[in-house]
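Hi,

Here is the structure I promised to pass on.

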Amino acid sequence: MNNKKQDTNILLERLVAQRTSEITKAQENLLIAEYNRKTAEHKCRIKSEFLARMNHEMLTPMNAIIGFAELAKTSGDLEQIKQWIDKINDSSKHLLVMLRNILDVSDGSSAFTITESQFSITTMIKYIINKTNCDLKKKKQTISLSVSKSIPKILIGDEKRIAQVIIHLLINAIKFSPKQSNICLNLNIHNEENETIMLKTEVIDNGIGVSKEQQERLFDLFEQVDGSKTKNYGGIGIGLPLSKCIANMMDGDIWVESEPGEGSKFIFTCKVKKVIEIEAASEN
């Protein structure tokens, strides 16, 4: 009799354990389903917000192009027409850069081709400063430039892509920094191995800063950190994800060191090659 009762208890325990396991699994599945639902909703929301920002940012230069073109058609003042054409030209270039960035990001890394060739670090820096000079003047800001003497004058790498990332970081620094402020641009060697150099660029501003939580989303596609604070600065939020992709393709990286209200330091690294002495001599 005791054996029979014991067997019944064992059976009941097994049934309870089985049922408990089934309930636990069902609860886990519900939690997973809820997480997936919320994740999908979040992705849908940020993509909708991204498309809304993109729509606004693209319509602004497009409306300027159409508006100034209509004004130029009805004016006989050649000097005024020239000013309007300059504005049309600026808006067209801004729109073209935006479209190229959108196409690059939407295609992913397949859109990029890293083309290596010899380039002058001095010439590249002059190009970068020239490209950002207009934005600097508008806000009466200055750039403090520091280029390490250890960087060879001639390097091998993708000058266009390196300049693209640095220009974006500088434009961001200009955008988020107060008027009449100073922005630092530092270039140095992060590390060196045989004929390869890891070039390190720092862009330091005293702008609005980024919290630790926001930094985790800063380089995510479609995300824009704290839209309530950044909406007045413009932009569609794809420049940093694009820069991250470029840096990774050049065996480097990009990250930020920042605190809210304390400014930001963006660090960008990429691999370039030294020019052997024979090639360097021919350049001179």
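Let me start with a loop: Asn194 sits between E4 and E5, where helices (H or I, at least four residues) and strands (E, at least two) are DSSP runs numbered from the N terminus. Its phi is near 55 degrees, a positive value in a residue other than glycine. Asn194 counts as exposed because its relative accessibility is 63%; exposed means over 50% relative accessible area, buried under 20%, and partly exposed in between, with a 1.4 Å probe and protein chains only.

Before you read on, a word on the source: this is a predicted model, in which local features need pLDDT of at least 70 and side-chain atom pairs count only at pLDDT 80 or more, while totals for chains, interfaces and linings use all residues. Residues are numbered from 1 along each chain as its sequence is written, and side-chain values use heavy atoms, with hydrogens and water left out.

A second residue with positive phi is Asp251, at near 60 degrees and again not a glycine. Asp251 belongs to the loop between H7 and E6, and it is exposed, at 51% relative accessible area.

Now the overall picture. The chain has 8 helices and 7 strands, and 34% of its 284 residues are buried. Taking contacts (heavy atoms within 4.5 Å) between residues at least 6 apart in sequence, 73% join residues at least 24 apart.

How do the helices pack? I looked at two pairs, both involving H4.

The axes of H3 and H4 come within 10 Å and cross at roughly 30 degrees; axes here are lines fitted to C-alpha atoms, for helices over the stretch in contact, and angles run from 0 to 180 degrees between N-to-C directions. H3 and H4 are therefore roughly parallel, given that angles under 35 degrees count as roughly parallel, over 145 as roughly antiparallel, 65 to 115 as roughly perpendicular and the rest as oblique. Their crossing is right-handed, meaning that the near helix is turned clockwise from the far one by less than a right angle, with anticlockwise giving left-handed. On the H3 side the contact uses Met124, Tyr127, Ile128, Lys131, Thr132, Asp135 and Leu136, and on the H4 side Glu159, Ile162, Ala163, Ile166, Ile167, Leu170, Ile171 and Ile174. By class that gives 11 nonpolar, 1 polar and 3 charged residues, where Ala, Val, Leu, Ile, Met, Phe, Trp, Tyr, Cys and Pro count as nonpolar, Asp, Glu, Lys and Arg as charged, and the others, Gly among them, as polar.

The other pair is H4 (residues 159–176) with H7 (residues 239–249), packed at about 150 degrees with axes 10 Å apart. These two are therefore roughly antiparallel, and H4 passes H7 in a left-handed crossing. H4 contributes Arg161, Gln164, Val165, His168, Leu169 and Asn172 to the contact, and H7 contributes Gly239, Leu240, Leu242, Ser243 and Ile246. Here the classes come to 5 nonpolar, 5 polar and 1 charged. The buried residues of H7 are Gly239, Leu240, Pro241, Leu242, Ser243, Ile246 and Ala247.

Next, the core. A nonpolar core is a set of buried Ala, Val, Leu, Ile, Met, Phe, Trp, Tyr and Cys residues joined through side-chain atoms within 4.5 Å. The largest one has 37 residues, of which Ile121, Met124, Ile162, Ile166, Leu169 and Phe268 touch the most other members. At least two residues each come from H3 (121–138), H4, E4 (182–193), E5 (196–205), H7, E6 (253–258) and E7 (264–274). H4 gives the most, with 9 residues. Not counting residues up to four places away in sequence, Ile162 touches Phe119, Met124, Met250, Phe268, Cys270 and Val272.

Leu155 lies in E3 (residues 154–157) and is buried, at 0% relative accessible area. Beyond four places in sequence, Leu155 contacts Ser117, Gln118, Phe119, Ile121, Ile197, Val272, Lys273 and Val275. Leu155 and Ile276 are 121 residues apart in sequence but 9.6 Å apart in space, C-alpha to C-alpha.

Thr269 is in E7, buried at 4% relative accessible area. Its contacts, leaving aside neighbours within four places, are His190, Met198, Leu199, Lys200, Ala247, Gly252, Asp253 and Trp255.

Cheers
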